[in-house]
Amino acid sequence: MKELAKTFDPKEFEQRIYEDWERDGDFHAEVNPSKKPFTIVMPPPNITGQLHMGHALDQTLQDVLTRWRRLQGYSALWLPGTDHASIATEVRVADELRETEGLSKEDLGRGEFLKRVWKWKDIYGGKITEQQRRLGDSCDWERERFTMDEGCNKAVVEFFVRLYEKGLIYRGSRLINWCPDCGTSLSDAEVEHEDLNGKYWYIRYPAADGGAGITVATSRPETMFADVAIAVSPEDERYTDWIGKSVLLPVTGREIPVIADPYPDPEKGTGAVKITPAHDPNDFEVGARHGLAQPVCIDFDAKMTAEAGKYEGQDRFACRKAWVEELDAAGYLVKTEDVVIPTGKCYRCDTIVEPMISEQWFVKMEELAKPAIEAAKRGDLRHVPARFEKIYLHWLEEIRDWCISRQLWWGHRIPAWTCGTCGEIIVARETPAACPKCGAAGAALSQDEDVLDTWFSSALWPFSTLGWPEDTPDLRYFFPTSVLVTGYDIIFFWVVRMVFSSLEMMGEPPFETVFVHGLVRDEQGRKMSKSLGNGVDPIEVIDTYGADALRFFLLNGSAAGNDMRFVLKNVESTRNFANKLWNASRFVLMNIGKTKGDGSKTKGDGSYVLRDEDMWILRTTEQVAAEVTDNLEKYELSVATQKIQELIRDEYCDWYIELVKTRLYGEDEETKAVCRAVLVRVLSDLLRLLHPFMPFITEEIWSYLDKPNKLIKDRWPAPEGFAEDADFAAAAGRIETTKEIVRAVRNIRAEANAPQSKKLPILILFDEGKTPSLGEHIRSLAGVSDIGVIKSEADLPGDTVSAILKGMALHVPLADLVDFAAEREKLAKERERLTGETQRLSAKLNNEGFTAKAPAAVVEAEREKLAAAEEALTKVTAREAAIREK
């Protein structure tokens with residue numbers, strides 16, 4: 001057989017192996033009725049992005065599941081793709097255009113600007129997919145999709161038209177979330193809420209009849225210019241006499257009514273609420289109930305309108321400052337209170353969102369949400385961990401109509417046209433030839449300028465990528481998909497929308513399970529971000545430690561649904577584990593010579609005579625393989641990685657290889673053949689188990705084992721009865737006893753500082769009723785000269801050091817363990833050193849010049865040192881007395 005390189009270096013094989021896999025079509029999944037399908041659609045990363053640690057975790061989890069099912073014989077499809085990311089991409093290209101050419105997108109015009117975006121996508125959009133290859137993603141790249149490719153675009157138009165025809169999409173003026181910086185509307189899911197330090201300004205609205213009036217608390221005094229009423233609860237006795245009367249808007253003197261409405265909370269603030277329908281979602285609903293006007297005092301650029309009088313054209317926050325000062329000077333500011341205010345920000349640019357009344361396209365959500373709620377409650381859709389179902393249900397139960405139009409150019413343009421002649425709105429799959437109402441054609445028909453929310457197309461991803469709305473073989477075979485792997489931060493962004501869209505279009509949920517993972521945080525537990533500068537580039541980690549080390553670290557630390565911390569030294573540890581596997585495999589390859597096969601003839605046909613350690617490792621490997629399979633079925637990937645690591649590092653490398661070395665180096669060719677066969681057979685199964693988690697190193701080692709096929713196309717370990725066999729169980733018991741004894745002797749030796757070269761006799765006292773059953777390896781592995789079995793402690797020869805084990809007590813005679821003459825000499829020197837130290841510290845602390853002048857902390861530290869030295873001196877003296885006569 002070939003020899004593995006002496007030094008483990010992932011750079012020598014990772015790229016080569018990946019190119020081999022991709023060239024040979026090893027990731028490609030076929031429609032195969034004789035196989036069960038397993039499908040994952042990758043959450044499409046933005047074309048603007050590059051691989052970050054969250055992607056690395058998300059995609060490693062998906063890759064493990066895909067590779068595992070592939071080895072199990074499934075037709076496993078992991079479908080990759082990227083998202084056009086309307087806002088992020090348009091902003092990126094517009095910024096680049098402004099910085100390099102001094103032009104705005106308006107200077108170019110829509111058509112030319114979109115050409116630039118497509119060109120930018122062609123140049124930079126594939127960067128992240130190359131990084132995914134570095135990570136080892138076994139995606140079916142032949143099926144790679146893009147949310148704006150021809151097929152996805154057709155699906156988006158079809159979805160829009162069907163919902164419109166069903167009355168579930170409408171156009172109307174409603175209060176929406178507006179980002180003044182991005183210049184577009186946002187859905188509720190695109191608004192991130194952050195608690196910020198703010199203020200409540202308590203402002204007095206004087207009575208129209210000249211009375212003191214009503215005081216109202218507001219966090220947004222700049223919106224007062226658009227106030228149309230003061231609302232009070234009809235149950236609030238403080239304001240019973242006010243209902244139906246009027247107050248004046250401070251300074252301006254505009255008269256507004258006092259109305260009764262259930263919205264105000266008598267326990268909050270003053271119990272009275274100013275109503276500004278155009279700038280607050282709750283006020284909008286109150287205004288609608290009472291038929292109130294909707295004046296606008298802040299425009300789409302976040303500047304004050306003519307409604308604000310002399311403040312027209314000012315930034316909203318500059319106006320706030322000046323207006324509050326004016327109110328205070330005029331005697332209307334009653335008091336100011338510091339508070340923490342939940343504030344909505346744009347998820348893309350972090351700008352504070354402005355509620356605005358605008359004509360937009362909306363999806364009616366009530367009818368779509370109900371089946372999605374029922375699917376979860378019926379168990380048709382499962383969340384792992386189950387606690388995330390509450391978030392899913394909460395979002396659906398509280399959902400409002402979804403604003404789907406965006407004031408952008410890059411994206412899926414809304415398939416709606418307006419007739420300039422008669423005003424008819426036409427929603428169609430193709431550009432209409434003429435207005436169906438008045439017959440006007442050509443320039444009379446203008447398409448809506450807006451594009452659809454990015455999540456509108458992403459919502460169709462599980463089935464649009466498989467060919468919908470066409471009835472394709474892929475769609476029939478691979479849909480519904482098996483599992484969606486996603487972070488908890490986009491459950492409401494994406495998961496909810498995929499579910500209700502699939503139920504509406506396909507009649508069933510898009511996946512069986514939602515496997516939710518947490519975030520990757522920095523070592524201090526902070527979220528990784530550009531502003532903190534604490535992000536870690538996965539590619540840099542791969543360059544240093546290899547992809548397998550990064551993958552295994554991420555898997556080891558990621559309990560389902562929980563956040564994890566990125567700790568570089570733990571990546572080093574996983575690389576050390578890979579190095580240990582490499583060295584062990586190299587040892588095996590160097591010692592199996594020309595042995596062929598994988599040691600499969602180890603039971604039942606008399607081909608091999610197995611010893612205890614052979615049966616133990618075969619049985620243990622089969623047991624762990626069954627446990628790991630169960631862990632993967634339950635999405636306990638971190639538990640699976642720990643079990644595989646312990647099996648390889650502890651049982652195979654540290655124990656089995658050590659147990660068989662004497663046989664490998666011996667003269668008995670028959671037992672050497674057994675050793676070699678079992679070594680290869682178990683190593684093969686270990687590589688199969690580890691492959692989904694560390695695909696590169698396992699494939700490279702596998703290639704040296706003279707196998708007929710690549711590991712990626714091999715099989716998952718299957719049970720062969722070792723775990724249930726009584727002979728194998730008995731042998732395993734003997735080896736486990738041997739391991740316990742060896743560990744105990746090693747611990748006793750270490751505690752006594754006895755050199756490894758010193759052979760020790762041991763005495764074993766078995767519990768009553770236990771039958772002595774000792775393995776043959778204790779002498780060689782523990783450095784034992786003689787093993788004696790005693791019937792009672794009365795048979796012990798003087799003082800011993802003991803260890804209580806399962807079913808036995810182990811004793812090592814003290815006289816054999818310790819060189820008393822050398823120990824007495826060492827203790828005498830230590831006593832002399834500690835005596836001097838205590839005298840020095842005592843003198844220092846008795847010196848009033850030191851204790852009076854030195855800082856209290858320094859004096860206390862010296863006292864602690866003295867106490868520690870005195871305690872150590874007491875122990876040394878006691879130890880000397882104990883061995884004086886030995």
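Rings of Phe, Tyr and Trp (its six-membered ring) are taken as a pair if their centres lie within 6.5 Å. In the predicted model described here, 32 aromatic pairs are present. A pair of aromatic rings is described by the distance of the centres and the angle of the planes. One of the pairs joins Tyr 18 and Trp 21, with 6.1 Å from centre to centre and 70° between the planes, an edge-to-face arrangement. Both residues belong to helix 1, where a spacing of three residues, about one turn of the helix, separates Tyr 18 from Trp 21. Tyr 18 and Trp 21 are both buried. Elsewhere, ring pairs connect Phe 159, Phe 160, Tyr 164, Trp 361, Trp 402, Phe 456 and Phe 500 into a cluster.

Lys 335 is placed over the face of Tyr 202, and the distance to the ring centre is 4.5 Å. Over the ring of Phe 587 sits the charged end of Lys 661, at 5.3 Å from the centre of that ring.

Strand 14 spans residues 354-363, and nine of its 10 residues are buried, so the strand is largely enclosed by the rest of the structure. Strand 14 pairs with strand 5 (residues 169-179) over 10 bridges, in the antiparallel sense. Within strand 14, Glu 354 has Trp 178 opposite. Strand 16 (residues 402-403) also runs antiparallel to strand 14, and two bridges join them. Here Cys 403 of strand 16 stands opposite Phe 362.

Helix 6 covers residues 127-135, and its buried residues are Ile 128, Thr 129, Gln 131, Gln 132, Arg 133 and Leu 135. The elements that cover these buried residues include helix 1 (14-23), helix 2 (53-71), strand 3 (81-82), helix 16 (538-545), helix 17 (547-556) and helix 22 (695-702). After helix 6 comes Gly 136, which has a positive phi, near 105°.

Glu 424 is located in the loop that runs between strand 18 (416-419) and strand 19 (425-427). Its relative accessibility is 27%, and Glu 424 therefore counts as partly exposed, since the buried class ends under 20% and the exposed class begins over 50%. Leaving aside residues up to four places away in sequence, Glu 424 touches Trp 417, Thr 418, Cys 419, Cys 435 and Lys 437. Between Glu 424 and Cys 435 the separation is 11 residues in sequence, and the C-alpha to C-alpha distance is 7.4 Å.

Technical notes
Residues are numbered from 1 along each chain as its sequence is written. This is a predicted model: local features need pLDDT of at least 70, side-chain atom pairs count only at pLDDT 80 or more; totals for chains, interfaces and linings use all residues. Side-chain values use heavy atoms; hydrogens and water are left out. Buried means under 20% relative accessible area, exposed over 50%, partly exposed in between (1.4 Å probe, protein chains only). Helices (H or I, at least four residues) and strands (E, at least two) are DSSP runs, numbered from the N terminus. Contact means heavy atoms within 4.5 Å. Rings of Phe, Tyr and Trp (its six-membered ring) pair if their centres lie within 6.5 Å; planes under 30 degrees apart count as stacked, over 60 as edge-to-face and the rest as tilted. A charge sits over a ring if NZ of Lys or CZ of Arg is within 6 Å of the ring centre and within 35 degrees of the ring normal. Two strands pair if DSSP finds at least two bridges between them.
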